Amino acid sequence: MLMRELAGGLILYFVVAGASWAKEPATRTFEFNYGAVLKDLPEGPSVRVWIPLPQNGDQQQVEVASKDLPANAKTTMEKKHGNKMFYFEPKGSGDANFHVTYKITRKELLGLKQPGKEKLTGKEKEKYLAADALVPLGGKPKELIANLSLSDDPIEAGKQLYLRTDEHMMYDKSRPGYGTGDANWACDSQFGNCTDFHSLFISFARTSGLPAKFEIGFPLPPERGEGKIGGYHCWAQFYAPGHGWVPVDISEADKHPEMKEYYFGNLTENRVTFTQGRDLELVPRQDGPPLNYFIYPYVEVDGKPWPKEKIELAFSFKDR
């Protein structure tokens with residue numbers, strides 16, 4: 001029996017007659033509080049607010065434990081990616097407070113050892129191979145992988161692109177410009193945060209004919225307890241025919257090199273997914289352009305985005 005300790009728990013690997021498999025995926029149950037204060041709202045103009053809503057899936061079970069939203073709040077869903085959201089129109093002026101507390105059970109994803117059964121339709125394949133506004137096909141990203149002889153095995157090809165992304169990028173938020181998820185910018189800068197890493201990987205994958213998708217949510221520290229959450233985290237998945245979706249978390253691998261092998265094909269349970277996709281049109285449709293990604297509250301006052309500095313965020317967790 002071989003033991004290996006990973007962030008978020010101990011995973012046991014058993015080797016018998018040349019075959020190996022992991023124990024059941026680790027799980028984590030916690031409360032996640034998603035709150036904000038909208039500052040200095042004017043009296044008179046229309047105010048519209050959208051906030052993302054995490055959903056049930058194979059890796060997480062979600063229920064609303066409590067909420068403090070305006071009476072007119074409703075749940076809506078956009079069709080392209082199936083993202084759900086709360087939508088409401090606060091009344092009155094000054095500050096507006098709201099929060100939603102979720103009870104979430106999140107399961108570790110062992111994507112290489114537990115193949116999925118999902119098969120992509122032609123329409124889905126087209127969606128996950130298409131460019132986004134900041135995630136191009138070809139161009140600079142293609143030049144960065146021109147010297148790679150990609151394997152005919154899609155999983156091995158994905159591993160080559162995973163390693164190329166990590167080789168090219170350095171996790172660094174000490175310099176300005178990071179966080180937009182602009183793959184061309186990442187090619188030039190060679191640093192950034194999770195958004196930049198995974199935008200570049202998705203551009204690599206789609207350019208190489210591998211369908212890939214973007215997922216965003218929040219990280220939890222591996223230590224159980226309670227505390228504040230400072231900001232979002234994102235990752236990616238690519239599709240391998242005959243196997244299903246394979247997750248990658250390249251920015252975490254760059255921050256924790258000892259887990260580089262793990263983060264190709266696996267995700268710890270220390271996270272929650274809220275939305276997926278880029279260039280999002282909310283429901284009801286926002287007046288502004290499509291959102292680059294959707295994780296924080298989006299607010300419009302008289303059809304114009306409310307400044308980020310006037311939206312005070314409050315995210316926290318508590319293990320159960």
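Visitor: Which residues are linked with Arg48 in a network of salt bridges?

Guide: This is a predicted model, in which local features need pLDDT of at least 70, side-chain atom pairs count only at pLDDT 80 or more, and totals for chains, interfaces and linings use all residues. Residues are numbered from 1 along each chain as its sequence is written, and side-chain values use heavy atoms, with hydrogens and water left out. A salt bridge is a side-chain nitrogen of Lys or Arg within 4 Å of a carboxyl oxygen of Asp or Glu. By that criterion, the residues networked with Arg48 are Asp287 and Glu300.

Visitor: How many salt bridges does a search of the whole structure find?

Guide: Side chains of opposite charge can pair when their charged atoms come close. For the whole structure, the search returns a total of 16.

Visitor: How many residues apart in sequence are the parts tied together by aspartate 249 and arginine 271?

Guide: The side chains of these two residues, aspartate 249 and arginine 271, form a salt bridge of 3.0 Å, N to O. Aspartate 249 lies in the loop between β16 (244-248) and α6 (250-255), whereas arginine 271 is in strand β18 (residues 271-276), so the pair ties together parts whose separation in sequence is 22 residues. Helices (H or I, at least four residues) and strands (E, at least two) are DSSP runs, numbered from the N terminus.

Visitor: What is the relative accessibility of aspartate 249?

Guide: Its partner in the salt bridge, arginine 271, is buried, with a relative accessible area of 2%. Aspartate 249 also counts as buried, and its relative accessibility is 0%.

Visitor: Which side chain does threonine 273 join in a polar contact?

Guide: Threonine 273 is in strand β18 and is buried, with a relative accessible area of 14%. A polar contact is a pair of N or O atoms within 3.5 Å; within protein, one must be able to donate a hydrogen and the other to accept it, and residues adjacent in sequence count only if both atoms are side-chain atoms. At 3.0 Å, the side chain joined to threonine 273 is that of arginine 106.

Visitor: How many disulfides does the structure hold?

Guide: A disulfide is a pair of cysteine sulfur atoms within 2.5 Å. The sulfur of cysteine 187 is 16 Å from the closest cysteine sulfur, in cysteine 234, too far for a bond. Cysteine 194 is in no disulfide, its nearest cysteine sulfur, that of cysteine 234, being 3.3 Å away. The number of disulfides is zero.

Visitor: Which residue of β19 is the bridge partner of valine 49?

Guide: Strands β5 (residues 47-53) and β19 (residues 298-301) run antiparallel and are joined by four bridges. Two strands pair if DSSP finds at least two bridges between them. Both strands belong to an open sheet of five, in the order β7-β8-β5-β19-β20. In β19, the partner of valine 49 is valine 299.

How values were computed. Buried means under 20% relative accessible area, exposed over 50%, partly exposed in between (1.4 Å probe, protein chains only).
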